[in-house]
Amino acid sequence: MPQVRIIAKNFMDMVASMPAMKLDRLYENTFICEAILRSLPPLAKKYVLQMLYIDQPVAAKLMEEWVLQDGLSKHKVALDRLVHLRVFQETVDRKRETSYRLNPKFQANLQQHVTLGGILPREPMSFSISVKLPSLDELQAYALQQWECFLLQLISSGQSDKPTNISPSMMKLFQRGLLTQRDREAPKLTESGFRFLLMDTNAQLWYIIRDYINNAEERGLDPADLISFLLELSFHVPGEAYDMNTLDDIQLATIKDLADLGLVKLQQGRKESWFIPTKLATNLSISLTDTSSRKEGFVVVETNFRMYAYSTSKLHCEMLRLFSRIEYQLPNLIVAAITKESLYNAFENGISSDQIVAFLQQNAHPRVADRVPSVPENVTDQIRLWESDMNRVEMTHSVLYDEFPSRELFESACDFAREWNGLLYEDSKAMRLVVKIEIHDQMKEYVRRQR
């Protein structure tokens, strides 16, 4: 079966890239098994449930009969996903026939979860009426505020009103690849940094969490334990309070880092302390294509290329500044204009027209979000046209050949350049041709021999 290179675009891709021993140890946690099951494509989920109580390997040829002919491509994708996650164990017998069976640890834990249900290691705390927990709306506002403060601190330490408690070493780790530092110059956003700012919140969060997990060993932590805790956290209920005393030392250090990112809110009582998960934490294991956790839009784009952003966020202002000219800013309104110059600046920094259009569509104000299109077509078309203007001319190093002694030599030289995929231009009437500089040596030798 063809092997697909794993690219960690979400939690499950990172789980799939783990060594086999650590992955099997991860499956000792019942909630990890359920999280993996939730993340699978529909056909892969069906295969897992179909084989949940089968203790013997199932032949690959037999499994192909479970789908119609036009579903074989999805069948192969499902099997490949299951094998990479070690949910399926692949065996080949002496006759070179392939068969699959469920990972025994995964199978046993999932059977137990299906029949008995699962109980989290910690239950929500019970409080007296005097203790006031934040509402879901207040929690959502807190999460977004914390995340925006972190992003502003990430871009420039002087922009955030409320510096985070994340250590300087961790902040440098997160900034790696997003900022570049030159001698005696302030740090500047890289091409990746510009693209990062235009991502939606889920994608940005995963970018940061991925670096946080990848560098766990440098901080003396096991990445498998960290992934296990983060996936377990996604099963907690947003807005409910959980006792901090139920956490071990590693989890306690992690939860404090997550609080700076806005994934949890920490509160302290007279005798007890607790953490409250936000939607950012409970959506950690969701695919990046999920739109349920995206925040409400704030941008209105008019046909005259003016933009009105109804926001009090400094981060939103910095994001709009990436591709537009900020004209003025009121307490709850940013007025900007999309100009040719501002877009050229964005294109030179590595931002594409598709990314700008996607950002405007994803962040469209509710008043215009339901319109089709939410961003005027003349604006999106012009953004793409201005990008194509920059790419109209492509420079290619080349060599001009002329003054051929005969037409036969000219035509044979053209044929030789075509065979080497180096012919750029030919003028049969004037007997001139232009070839790529990469084949100049071969072309020169060929013409010399023909003479």
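**Sheets, helix contacts and a few local details**

Strands β9 and β10 (residues 306-309) pair in the antiparallel sense, over three bridges. Two strands count as paired here if DSSP finds at least two bridges between them. The elements themselves are DSSP runs numbered from the N terminus, with helices (H or I) of at least four residues and strands (E) of at least two. The model is a predicted one, in which local features need pLDDT of at least 70 and side-chain atom pairs count only at pLDDT 80 or more, while totals for chains, interfaces and linings use all residues. Residues are numbered from 1 along each chain as its sequence is written, and side-chain values use heavy atoms, with hydrogens and water left out.

Back to that pair of strands: V299 has A309 of β10 as its bridge partner. Both strands belong to an open sheet of four, in the order β9-β10-β12-β11, with antiparallel pairing. β9 (299-301) and β11 (325-330) stand at the edges with a single partner strand each, so one side of each has no neighbour in the sheet. From one strand to the next, the twist averages 20°. For angles in general, axes are lines fitted to C-alpha atoms, for helices over the stretch in contact, and the angle between N-to-C directions runs from 0 to 180 degrees. At the other end of the strand order, β11 and β12 (residues 333-337) run antiparallel and are joined by five bridges. R325 stands opposite A337 of β12, and a hairpin takes the chain from β11 to β12 through two residues.

There is also an open sheet of three strands, ordered β1-β3-β2 and again with antiparallel pairing. Here β1 (58-59) and β2 are the edge strands, each with a single partner, so one side of each is left without a neighbour in the sheet. β2 pairs with β3 (residues 98-102) over five bridges in the antiparallel sense, and E90 has Y100 of β3 as its bridge partner. Helix α6 packs on this sheet, touching β2 and β3, and its direction makes about 100° with that of β2. Contact means heavy atoms within 4.5 Å. Helix α7 also lies across β2 and β3, running at about 40° to β3.

Helix α6 has a helical neighbour as well. Helix α4 (residues 42-50) packs with α6 at an angle of about 65°, the axes being 8 Å apart, and α4 passes α6 in a right-handed crossing. A crossing is called left-handed if the near helix is turned anticlockwise from the far one by less than a right angle, and right-handed if clockwise. L43, A44, Y47 and V48 of α4 make the contact with K74, H75, A78, L79 and L82 of α6. By class, that gives seven nonpolar residues, one polar and one charged; Ala, Val, Leu, Ile, Met, Phe, Trp, Tyr, Cys and Pro count as nonpolar, Asp, Glu, Lys and Arg as charged, and the others, Gly among them, as polar.

M170, L173 and F174 of α9 meet I208, D211 and Y212 of α11, a set with five nonpolar residues, no polar ones and one charged.

The axes of helices α17 (residues 353-362) and α19 come within 9 Å and cross at roughly 160°, so α17 and α19 are roughly antiparallel. Their crossing is right-handed. On the α17 side, S353, D354, I356, V357 and L360 take part, meeting T380, I383, R384 and E387 of α19.

The whole structure holds 12 aromatic pairs, where rings of Phe, Tyr and Trp (its six-membered ring) pair if their centres lie within 6.5 Å, and planes under 30 degrees apart count as stacked, over 60 as edge-to-face and the rest as tilted. The rings of Y27 and F106 have centres 5.2 Å apart and planes at 75°, so this pair is edge-to-face. Y27 sits in the loop between α2 (20-26) and α3 (30-39) and F106 in α7 (residues 104-116), 79 residues apart. V372 and P373 are joined by a cis peptide bond, with omega about 0°, and P373 lies in the loop between α18 (366-369) and α19 (377-390).

Key. Angles under 35 degrees count as roughly parallel, over 145 as roughly antiparallel, 65 to 115 as roughly perpendicular and the rest as oblique.
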